[in-house]
Amino acid sequence: MKYYSTNKQAPLAGLEEVVIKSLAGDKGLYMPERIPVIDKNVIASMKDKSFREIADIVAQAFFGEDMDSQALREIVYDTLSFETPVVHVNDNIYTLELFHGPTLAFKDVGARFMARLSGYFIRRKGLNREVNVLVATSGDTGGAVANGFLGVPGIHVFVLYPKGKVSPIQECQFTTLGKNITALEIEGTFDDCQALVKAAFMDRELNRHIPLTSANSINVARFLPQAFYYFNAYAQLDREGKADELIVCVPSGNFGNITAGLFAYKMGLPIKHFIAANNRNDVFFEYLKTGRYNPRPSVETYANAMDVGDPSNFARILDLFGNSHEQIASLISGYRYTNEQIADTMRHVYTTHRYLLDPHGACAYQALTDYRLKPAETGLFLETAHPAKFKETVDLILNAGIEIPLKLQKFMKGKKKSIPLGKDFEGFKAFLRKA
Ligand SMILES: *Cc1c(COP(=O)(O)O)cnc(C)c1O
């Protein structure tokens, strides 16, 4: 399979290059030249298969021709050491719980798969220099990427995070690991961290000396494996006879997760309609309504992993549907919620249905409710993180002390180690050249 850039100015690239470089030379995002379609009968047979077996079918269809298929299967199986169960919430609303991985967020799936696939290509290529993964985080991404890449030979990860602006629970997930993970505590905001990473990728001289890559959802190996759990969710609902008219709702920030769902749809997964749920960062909601896309600086909300003012995967969605606003708006509906609405939903669902939503899942639950399902339809929203990851916010809203799962407590016992750095690029560059 060859991959092209959404900007159409860079040459086609193979999977190995796409994974190791992340971004095309023209700064566009890579897209596969064709989308493999999975036979209807194969999809129908998934209800009798395990998550790993289902994911292997999807992975082989995409990546099988570019690598050894046994090696690919091992990567898939090793990535999916946890389940993504579908849980009933109320009426015909179900949730796909994506928070049973090592850092309790859906990003574990893509991060682990990308780490293992990069490791495979680096070994195959026989690279004798370490590849450096740079990742800027406002909280969740850093933990998932650091844990995904922990101990992978040939790769060093630098996590840049804004000093004092990520929660202690999030911070310990990438500052206590050691080995090939270095945490950089930046004297600045998340935007400053992101600007440093961007400047590093743009700096020709730096790139000549050290191989740099990104583990953001711009990387094909990070966002595409997220299609696995859409198929797995379908299989679980199919077992209960609930998959015929499926409406899928995704809490969205950079739109990597929903883009993976749209890929699953294009591969033949029978999803009737999608909903993108936003917080007050609503550029996509506006695009659906007006056809105009006006990126702007993000605003802070309770659902902070969705505080994105210019979603990077928007370019992929446009490309998937040939830039047709009409097609996009007929397949996807949008909803947006304020902090007050998020809090109301969390309280209502907790007291009435005894389900503990996190602030991101709350946007999605509410959107599915406001969409007004028809009796024959099944609504499925993605729960993207465990509520304990946002303990301060959740406790405040529910006036409760929610328990921290053991997996998270373990991180909190580790010793924090990070390197303080300023937000100026020259200092960061000098640091990378010495590291
Ligand atoms: C990253 C994240 C999102 C947004 O996912 P995108 O793929 O960026 O749209 C939603 N919820 C949580 C908890 C996240 O960590």
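Two rings of Phe, Tyr or Trp (taking its six-membered ring) make a pair if their centres lie within 6.5 Å, with planes under 30 degrees apart called stacked, over 60 edge-to-face and the rest tilted. Ring pairs of this kind join Phe 62, Phe 63, Phe 113, Phe 223, Phe 228 and Phe 263 into a cluster. The model is a predicted one, so local features need pLDDT of at least 70 and side-chain atom pairs count only at pLDDT 80 or more, while totals for chains, interfaces and linings use all residues. Numbering starts from 1 along each chain as its sequence is written, and side-chain values rest on heavy atoms, leaving out hydrogens and water.

Going by the ring rule, the count is 17 aromatic pairs. One of them is edge-to-face because the rings of Phe 158 and Phe 431 have planes at 85 degrees, with centres 6.0 Å apart. Helices (H or I, at least four residues) and strands (E, at least two) are DSSP runs numbered from the N terminus. Phe 158 belongs to strand E6 (residues 155-162) and Phe 431 to helix H20 (residues 425-434), so this pair ties together parts 273 residues apart in sequence. Buried here means under 20% relative accessible area, exposed means over 50%, and partly exposed falls in between (1.4 Å probe, protein chains only). Phe 158 is buried at 4%, and Phe 431 is buried too, at 15%.

Tyr 287 and Phe 314 also pair edge-to-face, since their planes stand at 80 degrees, with ring centres 5.0 Å apart. This pair links distant parts of the chain, with Tyr 287 in helix H13 (residues 283-290) and Phe 314 in helix H14 (residues 314-320), 27 residues apart. Both ends are tucked away: Tyr 287 is buried at 4% relative accessibility, and Phe 314 is buried at 5%.

Charges meet rings as well. A charge sits over a ring if NZ of Lys or CZ of Arg is within 6 Å of the ring centre and within 35 degrees of the ring normal. The charged end of Lys 266 does this over Phe 321, 4.6 Å from the ring centre, and Arg 354 lies over the face of Tyr 350 at 5.2 Å.

A side-chain N or O atom of Thr 384 comes 2.8 Å from a ligand nitrogen atom. The protein covers 97% of the 380 Å² of accessible area that the ligand has on its own (Shrake-Rupley method, 1.4 Å probe).

Methods. Polar contact = N/O pair within 3.5 Å; in protein donor to acceptor, adjacent residues only side chain to side chain.
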